[in-house]
Amino acid sequence: MTILEVVNVSRDVTWLPWAVQYFFLVGLSVAGFLVSVPGLALGARSQRGFAKNALIGALACGLVAPVALLADLHQPGRFWRFYASPNLGSWMAWGAFFIPCYVAGLLAFAWAALRGGLAAAGQGDDLVSRLRRLIAMGGTPSPRLTKVFAGWTVVFGLLILLYTGMETMVVRARPLWNTPVLPLQFAATAVTGAAGLTLLIARLRGDATLAGDAIAARWMTAGLLATVALGLVWYALGAFGLSDTHARALDSVAGHRAWQMTAVWAAAATLLPLLLLWLRPPGWAWLVGLFGLHAAWMFRWTVFIGGQTVPKTGAGLYAYQLPLGHDGLLGIAGSLGLWLFVFVLITTLLPDAASTRVRSALAPAE
């Protein structure tokens, strides 16, 4: 008699790199919007320059994120099923309602907050100036409307952060995901990435200031410290046997060299930008901005792709190699290219920092 023993069966990942791109971009968008609210809706004029750059990043990421989500559905036509046959017991289904409400609110908030600057910059006869006047629709400042749209978008932005964490956390078959710490880690790393993106946008637009850099540095420091604290809580719950789920999560990756290297990678991605924020050597903002984006992306890649390499049953790890096609490297490059296109479009329509300073200098004193 021949006995065939099946030890493990290798399976392909079902959540592709497109999912990483979606969670990365939508997290940056929500966090960037939230940190822009004080400067654009709550009257903190000293934060207005920082807030405007944060909002530009939020807009670019918020418009590209749904495209990555549609691509991850493998067949974009499936998206309408969330509305035709909604399963209100699913966090993913609720996300289909939160996303359009958030994006619509984000666009409305940006219009209300920036229409004055658009109208002032649209005094010429060229095509861009005409588009600015058309979008501004008169350009009369409307702080009350800005606050209304800000309130709407804050609600749905927080719901986005909640659902993106919960739809992963509820997967009980994967102990690495099934932790209440995960939604908080998504939020903390999103703040880190949004602060880093704002630092980079300020330099790309020639709008970097010491005050704006200081605000971004404070937000990034808070995000990094929160990430470290949450990581220690997650580890302690498993290492000291305080939670069976967390203990099984640690056991599932213990002894694997790949995960040991991931732990070192995560520690470096968190501690190195903290060191740069403390020392602030020349050119620190470029490096810290890139490290902030890397930390946010790296965490999501580890959770989604790395988490799927751990078998639900059996021993060892599944092997994963990043494909070169649209489901892998090409898809990541494509989403980056789309983001760059949207960013260029937004910054072309919005007045740049230099022209804003010239108009302020020429404006008559009140």
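**Exercise 1. In what order do the elements of the protein run from the N terminus on?**

Keep in mind that we are working with a predicted model. Reading from the N terminus, the elements then go α-α-α-α-α-α-α-α-α-α-α-α-α. Next, check the overall dimensions. Finally, of the 366 residues, 48% are buried.

**Exercise 2. Work out how helices H1 and H2 are arranged relative to each other.**

First, locate the pair: H1 covers residues 17-40 and H2 covers residues 48-72. Their axes lie 7 Å apart, and the packing angle is about 155°. Angles over 145 degrees count as roughly antiparallel, and therefore H1 and H2 are roughly antiparallel to each other. The contact between H1 and H2 involves 20 nonpolar, six polar and three charged residues. As for handedness, the crossing of H1 and H2 is left-handed.

**Exercise 3. Describe the surroundings of Leu-322.**

Begin with its place in the chain: Leu-322 sits in the loop between helix H11 (284-308) and helix H12 (329-349). Now consider accessibility. The value for Leu-322 is 35%, so this residue counts as partly exposed. Then list the contacts, leaving out residues up to four places away in sequence: Leu-322 touches Pro-17, Trp-301, Gly-328, Leu-329 and Ile-332. To finish, compare sequence with space: Leu-322 and Leu-16 are 306 residues apart in sequence, while their C-alpha atoms are 9.6 Å apart.

Conventions. Residues are numbered from 1 along each chain as its sequence is written. This is a predicted model: local features need pLDDT of at least 70, side-chain atom pairs count only at pLDDT 80 or more; totals for chains, interfaces and linings use all residues. Side-chain values use heavy atoms; hydrogens and water are left out. Axes are lines fitted to C-alpha atoms, for helices over the stretch in contact, and angles run from 0 to 180 degrees between N-to-C directions. Helices (H or I, at least four residues) and strands (E, at least two) are DSSP runs, numbered from the N terminus. Angles under 35 degrees count as roughly parallel, over 145 as roughly antiparallel, 65 to 115 as roughly perpendicular and the rest as oblique. A crossing is left-handed if the near helix is turned anticlockwise from the far one by less than a right angle, and right-handed if clockwise. Ala, Val, Leu, Ile, Met, Phe, Trp, Tyr, Cys and Pro count as nonpolar, Asp, Glu, Lys and Arg as charged, and the others, Gly among them, as polar. Buried means under 20% relative accessible area, exposed over 50%, partly exposed in between (1.4 Å probe, protein chains only). Contact means heavy atoms within 4.5 Å.
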